[in-house]
Amino acid sequence: MASRYWVVSLPVQSSASTLWNNLQDQISKHSFDTPLYRFNIPNLRVGTLDSLLALSDDLLKSNTFIEGVSHKIRRQIEELERVSGLETNALTVDGVPVRVAEYNNVRGQLNAINRKQSGSLAVRDLSNLVKPEDIITSEHLVTLLAVVPKYSQKDWLSSYETLTTYVVPRSSKKLYEDNEYALYTVTLFGRVADNFRTSARERGFQVRDFEYSPEAQESRKQELEKLVQDQDMLRSSLLQWCYASYGEVFSSWMHFCAVRVFAESILRYGLPPSFLACVLSPSVKGEKKVRSILEGTYWKTEDEGGAMAGLGGDTDAHPYVSFTINIA
């Protein structure tokens with residue numbers, strides 16, 4: 001669950017340390033469950049008012065973008081850890097980041113194969129359900145596989161021999177059953193197979209197209225094993241890349257927040273830069289009280305020295321600079 005943090009700044013008229021100590025005392029006294037951190041902002045070069053206004057707008061857009069990238073990488077890490085477990089060793093990228101699309105492509109192929117192997121008998125791959133001894137193939141005889149609704153099994157057993165001519169009596173055997181269907185074999189002369197399919201379909205039975213091939217089955221098995229290996233390798237590489245990238249992106253995000261609070265504080269309080277920046281994470285029930293403390297501190301500072309009515313921050317909602325970030 002994401003935590004909401006407030007990034008705020010208050011004007012300083014005398015001592016930033018005194019203001020910080022007073023704010024700590026007020027927060028701990030009236031809202032003891034609110035974490036409070038001082039945000040050390042370096043003095044940056046200040047250009048013209050127009051350039052500062054443009055920078056403020058650009059920072060807001062860039063901050064939103066990099067916050068989104070940070071959350072996306074975090075969600076990718078959570079998904080990869082969920083399916084592979086947490087990597088406890090120090091990870092390196094070796095300068096070769098893996099594209100997410102490559103991992104998603106392999107995962108998509110595996111999901112498609114798994115759906116075929118675990119879905120309904122009406123659509124799933126039957127090769128792993130059929131043994132060589134279940135199939136009779138000769139010059140004249142063939143074995144068909146019929147998918148029968150569970151509630152129609154008695155009907156199938158009593159009627160399959162009469163769906164067409166030249167059906168081998170008592171040749172039907174149940175191979176598998178799921179929640180909806182049962183899979184039966186039936187042996188008959190090859191020249192009446194099409195007639196059997198038509199009659200079976202009219203009775204609500206589905207004859208699946210199937211050709212038993214040990215070579216094809218072995219090829220599919222090897223393909224599946226290779227995809228599993230590729231997925232594990234790509235997942236490991238992608239997880240390493242995400243671990244390395246998340247720290248860099250998160251640090252950049254915090255840098256954007258620092259520059260943003262500096263720019264907005266200059267616009268709000270004026271020059272020279274003299275303000276206290278901090279980060280708070282109040283509980284929902286404590287938000288109203290914390291806002292009251294911050295506003296009281298702001299108005300007290302203004303009464304002491306006069307804060308310049310400027311342009312930065314959320315001035316419609318609060319008289320001091322304030323914006324919210326969400327960190328998981």
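This report looks at an open sheet with its packed helix, and then at the surroundings of one serine.

The model is predicted, so local features need pLDDT of at least 70 and side-chain atom pairs count only at pLDDT 80 or more, while totals for chains, interfaces and linings use all residues. Residues are numbered from 1 along each chain as its sequence is written, and side-chain values use heavy atoms, with hydrogens and water left out.

Let's start with the sheet. Its 4 strands run in the order β2-β7-β1-β8, with antiparallel pairing. Strands pair here if DSSP finds at least two bridges between them; helices (H or I, at least four residues) and strands (E, at least two) are DSSP runs, numbered from the N terminus. β2 (36-38) and β8 (321-327) sit at the edges with a single partner strand each, so one side of each has no neighbour in the sheet. From one strand to the next, the twist averages 25°. Angles run from 0 to 180 degrees between N-to-C directions, using axes fitted to C-alpha atoms, for helices over the stretch in contact.

β1 (residues 3-11) and β7 (residues 275-280) share 6 antiparallel bridges, and leucine 10 has leucine 276 in β7 as its bridge partner. Helix α1 (residues 16-30) packs on the sheet and touches β1, β2 and β7, its direction making about 170° with that of β2. Contact means heavy atoms within 4.5 Å.

Now for serine 171, in the loop between α4 (153-159) and β4 (173-177). Serine 171 counts as buried because its relative accessibility is 16% (the cut-off is under 20%, with exposed over 50% and partly exposed in between, 1.4 Å probe, protein chains only). Beyond neighbours within four places in sequence, its contacts are Tyr160, Thr185, Val186 and Thr187. Two distances:

| From | To | Distance |
|---|---|---|
| Serine 171 C-alpha | Valine 186 C-alpha | 5.4 Å |
| Serine 171 side chain | Threonine 187 backbone nitrogen | 3.1 Å |

Terms used. Polar contact = N/O pair within 3.5 Å; in protein donor to acceptor, adjacent residues only side chain to side chain.
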